[in-house]
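Please look over the structure below before reading on. The report covers helix faces, ring contacts and nonpolar cores.

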Amino acid sequence: MSSGLFITFEGIDGSGKSTQAKMLVERLMADGLSVLHTREPGGSDGAEEIRQLLLTGDPDRWSAETEILLFTAARRDHLEKVIEPATERGDIVISDRFADSTRVYQGATRGDLRPMVDRLHEQMIGREPDLTFIVDMDPQKALSRGLARGSGEDRFEDFGLGFQETLRHGFLSLARDFQDRCVVIDGDRAAEQIAAEILAHVMDRL
């Protein structure tokens, strides 16, 4: 490959997207491809510090506007330090979340802030994934799964079921907006069955 491929996984909390990202990484590496697995918020040293500010504590700890600024700062560091160097080397970068999460979590669910999110993204990030998998799942099942993890990073799960239902609609709407790169995946199936569908899409792209 002359240039890398940037793949992202999106979806509501507990949808299984992180599991699918990991399974894809393992399969592509087993095929001898150079793959970098990363996540947001996080992925670089500075962004991981910001992650702790965003994902822990009281649900009302930050306003939506402050969250947007923190996520954008973390994403900029992640892009500079990790994503761009890897894709320039020709690696496949697989990220558990990217800008689409901010478009939905802050831009679509916590006030009419999508224009603000889009302006900041254009000015400070300026990059979209080559391929995005949106793992779709029933919000009630996903929320139960997410809270059961007990990760300590459950600030957004604590907003409740109504918030998760709004998120789901936001991601499905986003898939319609970015049909050139977004693929909606039915997440209410066996993990291996989901992984096989995702791999087929990736191999078509490669």
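What follows takes the helices, then the rings, then the cores. The model is predicted.

Start with helix H5, residues 114-125. Its twelve residues reach 15 Å from first C-alpha to last, close to the 16 Å expected at 1.5 Å a residue. Val117, Leu120, His121 and Ile125 of H5 are buried. Seen down the axis of H5, the buried residues fall within an arc of 105°, so they line one face of the helix. On the other side of H5, Glu122 and Gln123 are exposed. What do the buried residues of H5 pack against? Their partners are helix H3 (64-89) and helix H4 (99-105). Just after H5, glycine 126 takes a positive phi of about 65°.

Helix H7 spans residues 161-177. H7 has 17 residues and reaches 25 Å between its first and last C-alpha, close to the expected 24 Å. Buried in H7 are Phe163, Gln164, Leu167, Gly170, Phe171, Leu174 and Ala175. Viewed down the axis of H7, these buried residues fall within an arc of 140°, so they line one face of the helix. His169 and Arg176 lie on the other side of H7 and are exposed.

**Rings and charges**

The structure holds four aromatic pairs. Two of them are listed here.

| Pair | Centre to centre | Angle between planes | Type |
|---|---|---|---|
| Phenylalanine 6 and phenylalanine 98 | 5.0 Å | 85° | edge-to-face |
| Tyrosine 105 and phenylalanine 163 | 6.1 Å | 70° | edge-to-face |

Why does the pair of phenylalanine 6 and phenylalanine 98 count as edge-to-face? Its planes stand at 85°, and planes over 60 degrees apart count as edge-to-face. This pair links distant parts of the chain, 92 residues apart. Phenylalanine 6 sits in strand E1 (residues 5-10). Phenylalanine 98 sits in the loop between strand E3 (92-96) and H4. Both phenylalanine 6 and phenylalanine 98 are buried.

Tyrosine 105 lies in helix H4 and phenylalanine 163 in helix H7, so their pair ties together parts that are 58 residues apart in sequence. Is tyrosine 105 buried or exposed? Its relative accessible area is 4%, so tyrosine 105 is buried. Phenylalanine 163 also counts as buried, at 11% relative accessibility. Tyr105, Phe163 and Phe171 form one aromatic cluster.

Two arginines lie over ring faces. Arginine 75 is over the face of phenylalanine 98, at 5.4 Å from the ring centre. Arginine 181 is over the face of phenylalanine 178, at 4.4 Å from the ring centre.

**Nonpolar cores**

The largest nonpolar core has 19 residues. Which of them touch the most other members? They are Ile7, Phe9, Leu24, Ile94 and Phe133. Elements that each supply at least two residues of this core are E1, helix H1 (17-30), E3, strand E4 (131-136), strand E5 (182-186) and helix H8 (191-205).

Leaving aside neighbours within four places in sequence, phenylalanine 9 is in contact with residues including Ala21, Leu24, Ile94, Phe133, Val135 and Ile198. Lys17, Gln20, Ser95, Asp96 and Arg97 are also among its contacts.

Another core lies apart from the largest one. This other core has 13 residues, among them Val104, Tyr105, Met137 and Ala175. Two of these names have come up already: Tyr105 belongs to the aromatic cluster, and Ala175 is one of the buried residues of H7.

Note on methods:
Residues numbered from 1 in each chain as written. Predicted model: local features only at pLDDT ≥ 70, side-chain atom pairs only at ≥ 80, totals over all residues. Heavy atoms only, no water. Helix = DSSP H or I, 4+ residues; strand = E, 2+ residues; numbered from the N terminus. Expected span 1.5 Å × (residues − 1). Buried < 20%, exposed > 50% of the residue type's maximum accessible area, 1.4 Å probe, protein only. Arc of directions from axis to C-beta. Contact = heavy atoms within 4.5 Å. Phe/Tyr/Trp six-rings, centres within 6.5 Å; stacked < 30°, edge-to-face > 60°. Lys NZ or Arg CZ within 6 Å of the ring centre and 35° of its normal. Core = buried A, V, L, I, M, F, W, Y, C linked by side-chain atoms within 4.5 Å.
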